[in-house]
Amino acid sequence: MMTGKTFTILLVDDREENLIALEDMLEGDGRRFLKASSGNEALKIVLKNEDIGLIMLDVQMPGMDGFEVASLLKSNPKTRDISIIFVTAINKEEQYVMKGFEHGAVDYLQKPLDLNVTKAKVNVFEQLYVYQKGLKDSLEEVERINKQLERFVFIVSHDLKSPLSAIIAMLSLLEDDKKVAGDAELRENIEMLSQAASHLSNMIGSILDYSRKSIGQQSLEEVDVRELILQIAYLLFPPRHIRVEVVTEMPVCQTRKLKLQQVFQNLISNAIKYNDKERGLIEVGGEDMGEYYRFFVKDNGPGIEDEDREKIFKLFHVTGNKSHNDSSTGIGLNILKMLVEEQGGKIWVESEPGCGSTFFFEWCK
C-alpha cells in the first residue's frame, strides 16, 4: 500500500450497487474513490482530476460503453497513461479480450468478481503507480537541477567574456607598440598570449552555446584530431624541456568537438604538470577499433602507484604525485570519466611507477 500519498481509483458502472460493492472490496489506507455511473460522467471526472491512478471500467453500459470510454481516454495525451482494468460479465473469448486491449485496457476482471484476485490486481497497479510517480518526480528534479547548472554555466561563461575581451584588446595594442616590434622574443611571446586569449574566447563561446543546448541538440562537427591535439599542445605552453608529439595517424571524425577537446586538454595538461624528468616526452595517438576510436596519452613522468590506479577517477581522489605548484582538487579526472562515458566509451590508465603512465579512452563514432 502507498504511504504518505493518496492513490485515487475511479469506479465506473451504471449500477449503483456494483459501485458500492467494489468500493467496499477495495477500501484501504491511502485510497480515494471517485464514482461515475456513465461513460460521459467518467470522462468529465477524469478531466477534472489529474491524479487518478487507476480506472475500474465496466464494459457494458447504456449510451457510451467501456470500449468507447477507453478509446477516448487513450486518444488524449493528458489521460492516455492512466491504467484501465475492464470489468465485464461477458465471457473472456479471445476475440473479445483482444478488442479490449486494442481500446486501451491493461487488464480484465470477470464478473462475478473474485475478492482475492481483484484485490491482488489492484495492489499491483497501485505499486506500479507509486514507482511511476516516483520516477516522474525524480526526472523533474533532475531537469530542474540541470536547468540550474545550465544557468550557472551561462552566467559564469558570460562574466568571463568581459575581462578576457579587455585582455585581448590590450594585447592587440602591445603588438602595435614600437618597443615590442623591435624585440623579436617579446613580440613572439605576446603573439602566443594573443593566440591563447583568442582560443580561450572561442572556448568560452562554445561553452555558452553548450549551456543553452541539451545533449541531443549539441551539434556534431568535423574534427581533425591531429590538428586539435597540436593546437592544444601549442596553447598549453609546455616548458622547453617537455615535448608533445602525435605518434600515429589520427582520424578526421564527426563528433562534439568541445567534449573531445576537454578530454585531450586535461590529459595532456596533467602529463605536462606532473612530469619530473629532465627531458619530458608526451606521446598522443589513436587506433580505429571499428565502432569507436581508442586514443591514448602517454608520458614518461613519475607514474602512478598501484593503489591509486583504481581510485584516480573517483571524485576528490588525489594521488601522491605533487608538482611544485600543485593545487589539484581530484575533480578533473572524474569529470573526464563522465565525459567519456556520456559518449559511450570508457577511460583507464596503465602505469609503471618511475617510468610514466598511459591514459587510454574510447570515443564512440
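**Close-up views of a predicted model**

**View 1. Pairing of strands β1 and β3.** Leu10 has Ile55 as its bridge partner in β3. The two strands concerned, β1 (residues 7-12) and β3 (residues 52-58), pair in the parallel sense over 5 bridges; strands are DSSP runs of E with at least two residues, helices are runs of H or I with at least four residues, and both are numbered from the N terminus. Two strands count as paired if DSSP finds at least two bridges between them. The model is predicted: local features need pLDDT of at least 70, side-chain atom pairs count only at pLDDT 80 or more, and totals for chains, interfaces and linings use all residues. Residues are numbered from 1 along each chain as its sequence is written, and side-chain values use heavy atoms, with hydrogens and water left out.

**View 2. The open sheet of 5 strands.** The strand order is β2-β1-β3-β4-β5, with parallel pairing. At the edges lie β2 (31-36) and β5 (107-110), each of which pairs on one side only. From one strand to the next, the twist averages 20°; axes are lines fitted to C-alpha atoms, for helices over the stretch in contact, and angles run from 0 to 180 degrees between N-to-C directions.

**View 3. Helices packed on the sheet.** Helix α1 (residues 16-26) packs on the sheet and touches β1, β2 and β3, its direction making about 170° with that of β2. Helix α2 (residues 39-48) also packs on the sheet, touching β1, β2 and β3, and its direction makes about 140° with that of β2.

View 4. Ser83 is located in strand β4 (residues 83-88). Ser83 counts as buried because its relative accessibility is 11%; buried means under 20% relative accessible area, exposed over 50%, and partly exposed in between, with a 1.4 Å probe and protein chains only. When neighbours within four places in sequence are left aside, Ser83 is in contact with Gly53, Leu54, Ile55, Val106 and Phe125, where contact means heavy atoms within 4.5 Å.

**View 5. Strand β12 and its partners.** Strand β12 (residues 356-364) is largely enclosed by the rest of the structure, because 8 of its 9 residues are buried. Strand β10 (residues 292-299) pairs with β12 in the antiparallel sense over 7 bridges, and Phe296 has Phe360 of β12 as its bridge partner. Strand β11 (residues 347-352) also pairs with β12 in the antiparallel sense, over 6 bridges; here the bridge partner of Val349 is Phe359 in β12. The hairpin of β11 and β12 has 3 residues between the strands, and in this hairpin Gly354 takes a positive phi near 90°.
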